[in-house]
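Please read them with the coordinates open.

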Amino acid sequence: MPIACDTLSIRRKHDRAFADRAVARARLHLDDAPLALCIARLAPLKGQDYLLDAWPRVLDRVPGARLLFVGDGPAAEALRRHPVSSAASISWRPMVITGL
């Protein structure tokens, strides 16, 4: 039975996405380590503190993983003071909104 999709087209899209991923990681100074990303307003309602509480357990299972927070909000300072927040595996970036 013939394949019902254009595999060459899919391959080209995959190759472009991989190149875009490499460019984005380079801009953010991220290596190829597994990355967990939280893009959100930093607020108690969002529960980012639970993510920070769980992060040591994530590192037990995925050594070398990185956690990147992108955003700002009323809980930003409290989250940055969280005991886990000083770990080298956690990065903070301000939110940049484009295209508006």
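1. Order of elements. From the N terminus on, the protein chain runs α-β-α-β-α-β, which comes to three helices and three strands. Helices (H or I, at least four residues) and strands (E, at least two) are DSSP runs, numbered from the N terminus.

2. Basis of the values. This is a predicted model, in which local features need pLDDT of at least 70 and side-chain atom pairs count only at pLDDT 80 or more, while totals for chains, interfaces and linings use all residues. Residues are numbered from 1 along each chain as its sequence is written, and side-chain values use heavy atoms, with hydrogens and water left out.

3. Totals for the chain. Of the 100 residues of the protein chain, 27% count as buried. Buried means under 20% relative accessible area, exposed over 50%, and partly exposed in between (1.4 Å probe, protein chains only). The chain exposes about 7500 Å², and carbon and sulfur atoms supply 60% of that area. Accessible areas come from the Shrake-Rupley method with a 1.4 Å probe; for residues, only the protein chains shown count as cover. Among contacts (heavy atoms within 4.5 Å) between residues at least 6 apart in sequence, 63% join residues at least 24 apart.

4. The core. Which residues have the most contacts inside the largest nonpolar core? They are L52, F69, I90 and W92, in a core of 14 residues. Helix 2 (48-61), strand 2 (66-70), helix 3 (76-81) and strand 3 (90-93) each supply at least two residues of this core. The term nonpolar core stands for a set of buried Ala, Val, Leu, Ile, Met, Phe, Trp, Tyr and Cys residues joined through side-chain atoms within 4.5 Å. In soluble globular proteins, nonpolar side chains tend to be buried together.

5. F69 and its surroundings. F69 has 0% relative accessibility and therefore counts as buried. Leaving aside residues up to four places away in sequence, F69 touches C38, L42, Q48, L51, L52, I90, S91, W92 and R93. V70, also placed in strand 2, is buried with a relative accessible area of 15%.

6. The aromatic pair. The structure holds one aromatic pair. Its members are F69 and W92, with ring centres 4.4 Å apart and planes at 10°, so the pair is stacked. Rings of Phe, Tyr and Trp (its six-membered ring) pair if their centres lie within 6.5 Å; planes under 30 degrees apart count as stacked, over 60 as edge-to-face and the rest as tilted. W92 counts as buried because its relative accessibility is 18%.

7. Salt bridges. How many salt bridges does a search of the whole structure find? It finds two, where a salt bridge is a side-chain nitrogen of Lys or Arg within 4 Å of a carboxyl oxygen of Asp or Glu. The side chains of R66 and D31 meet at 3.6 Å, N to O. This pair links distant parts of the chain: R66 is in strand 2 and D31 in the loop between helix 1 (7-27) and strand 1, 35 residues apart. R66 is partly exposed at 28% relative accessibility, and D31 is partly exposed at 40%.

8. R80 and E77 form a salt bridge with their closest N and O atoms 3.8 Å apart. They are three residues apart in helix 3 and therefore separated by about one helical turn. R80 has a relative accessible area of 33% and is partly exposed; E77, at 49%, is partly exposed.

9. Surface of strand 1. L35, L37 and I39 form a nonpolar surface patch with about 270 Å² of accessible area together. Patches are made of residues with over 30% relative accessible area and no salt bridge; like charges are joined within 9 Å, nonpolar side chains (Val, Leu, Ile, Met, Phe, Trp, Tyr) within 5 Å. I39 lies in strand 1 (residues 35-39). Is I39 buried or exposed? I39 counts as exposed because its relative accessibility is 53%. L37, in strand 1, is partly exposed at 48%.
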